[in-house]
Structure formats: C-alpha cells, structure tokens
Amino acid sequence: LGANGAGKTTTLLAVSNLLQGERGDVTKGSIEYRGERIHGLTAYDLVKRGVVQVMEGRRCFAHLTVEDNLLSGAYSRGASGRGNTRADVAADLDKVYAYFPRLKQRRGSQSGYTSGGEQQMTAIGRALMARPSMILLDEPSMGLAPQVVEEIFAIVQDLNKKERVSFLLAEQNTNIALRFADYGYIL
C-alpha cells in the first residue's frame, strides 16, 4: 500500500526481475521465492517457477480477441510440463470463464474494445492460464468503477482460497486492499 511514487510498482518489478528493463537494479538485500534466490532469473524462468505478473494498466494485446489473450497465458506451459495438453488448456480456459463469466460472453471481441474491467479480468485470466502459484498484481483497481473493483477483489480472494494462488498486490485503494488481504505493508 502507498501513494504514487512510494515504490509499489518498483517492488513488484524487482520481484519479477523486470526492473532492469526500467534501468533499475536491486542493490541491497535479496529476493527469494520458496527458499531460492530468484534475483537474476529471467522473467520466463520465473513464470516456469509459478510467478506471474499482471502489470499496471492491464496491458492486454489489444488486437487479439479476449480468448486469444487468455490462451497466450498458457504459452509458457509447453516447456515446463505443467499441464500442456490441449485438454488441460481447455479445462483451464473453462475455469477462467467460470471465474469471469463476462469474458466468456466477450471471448470473440478484440480486447482493445472491451471495458477497463473486462481488460483487467482478461489480464488476470491470462496470468491464471500459466498455472501460477503466485500472481504479482499491480494496481488492479486503477481507473475502474467501484462495483467492478469489488467484483475483481472478490474473485481474487476466491482464487486465493479455492485455487491456492497467492497474490502480492500493489494498491493505492487501502480500504479495499486491507479488507481482502491477509497482510498489509505500507510503503
């Protein structure tokens, strides 16, 4: 939790090893995941280990359909051996649609023409398709209507409890974040 410029996004970029792309680097301490130092691994290696980031601003592939965006999230599974058959991918796609029924209705629409809430759902769904154990979620409420924010946070909480996916969340909206979080840290 914290205001603009407090370091929330930078922290997530450091964990996902995307900080170098922003001309940054971790200069003190270490970053570990499940007892293993992960600093210096590629983002792809982290995804194979189960760590996936949903970037601030959703960043869907605007020219692709919602379903193609979701399927792109399963791409990394091919090399990892984590459920890479067509049946596995189809089952996970059905699971994403069960959590986000609006996406099933909009699956043939170009992502760039969907609402902000639908784009956020698409971005989270795409991350889920990689079968993560942890999702780094950056500012999921940004620019969304309060009802949509409520819906997304409830789904994230459900994913945490039912699918056992951990979320590291960077958020300015402290009221909603603390209501759904197990732990809160102020930057």
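Ser141 touches Val149, Phe153, Glu171 and Asn173, leaving out residues up to four places away in sequence; a contact here means heavy atoms within 4.5 Å. Ser141 sits in the loop between β4 and α8. Helices (H or I, at least four residues) and strands (E, at least two) are DSSP runs, numbered from the N terminus. With a relative accessibility of 11%, Ser141 counts as buried. Buried means under 20% relative accessible area, exposed means over 50%, and partly exposed lies in between (1.4 Å probe, protein chains only).

The model is predicted: local features need pLDDT of at least 70, side-chain atom pairs count only at pLDDT 80 or more, and totals for chains, interfaces and linings use all residues. Residues are numbered from 1 along each chain as its sequence is written, and side-chain values use heavy atoms, with hydrogens and water left out.

**Residues with positive phi**

Most residues other than glycine have a negative phi. Glu139 has a positive phi near 50 degrees. Glu139 lies in the loop between β4 and α8, and at 6% relative accessibility Glu139 counts as buried. Arg164 also has a positive phi, near 60 degrees. Arg164 belongs to the loop between α8 and β5 (166–170). Its relative accessibility is 68%, so Arg164 counts as exposed.

**Helix α1**

Helix α1 covers residues 8–15, and its buried residues are Lys8, Leu12, Leu13, Ala14 and Val15. These buried residues pack against α2 (43–48), β3, β4 and β5.

**The pair α7 and α8**

Helix α7 (residues 116–128) and helix α8 (residues 146–162) pack at an angle of about 15 degrees, and their axes are 10 Å apart. Axes are lines fitted to C-alpha atoms, for helices over the stretch in contact, and angles run from 0 to 180 degrees between N-to-C directions. The two helices are therefore roughly parallel to each other. Angles under 35 degrees count as roughly parallel, over 145 as roughly antiparallel, 65 to 115 as roughly perpendicular and the rest as oblique. The crossing of α7 and α8 is right-handed, a term used when the near helix is turned clockwise from the far one by less than a right angle.

On the α7 side the contact is made by Gly117, Gln120, Met121, Ile124 and Leu128, and on the α8 side by Val148, Glu151, Ile152, Val156 and Leu159. By class, this contact has seven nonpolar, two polar and one charged residues. Ala, Val, Leu, Ile, Met, Phe, Trp, Tyr, Cys and Pro count as nonpolar, Asp, Glu, Lys and Arg as charged, and the others, Gly among them, as polar.

**Nonpolar cores**

A nonpolar core is a set of buried Ala, Val, Leu, Ile, Met, Phe, Trp, Tyr and Cys residues joined through side-chain atoms within 4.5 Å. The largest one has 34 residues, and those with the most contacts inside it are Leu70, Phe100, Leu103, Ile124, Leu128 and Ile135. The elements that give two or more residues to this core are β3 (51–54), α3 (66–72), α5 (86–99), α7, β4 (134–138), α8 and α9 (174–180). Helix α8 gives the most, with seven residues. Leu128 is in contact with Val96, Phe100, Ile135, Leu159 and Val165, leaving aside neighbours within four places in sequence. A second, separate core has 14 residues, including Leu12, Leu13, Ala14 and Leu19.

**Three further residues**

Gly125 is in helix α7, and at 0% relative accessibility Gly125 counts as buried. Arg58 is in the loop between β3 and α3; at 13% relative accessibility Arg58 counts as buried. Arg102 is found in helix α6 (residues 101–105) and is partly exposed, with a relative accessible area of 27%.

| Residue | Residues in contact |
|---|---|
| Gly125 | Leu70, Val96 and Phe100 |
| Arg58 | Gly116, Gln119, Gln120, Ala123, Arg126, Met142 and Leu144 |
| Arg102 | Glu118, Met121 and Glu151 |

Arg58 and Ile124 are 66 residues apart along the chain, and their C-alpha atoms are separated by 8.4 Å. Gly125 and Phe61 are 64 residues apart in sequence and 13 Å apart in space, C-alpha to C-alpha. For Arg102 and Ser16, 86 residues apart in sequence, the C-alpha to C-alpha distance is 29 Å.
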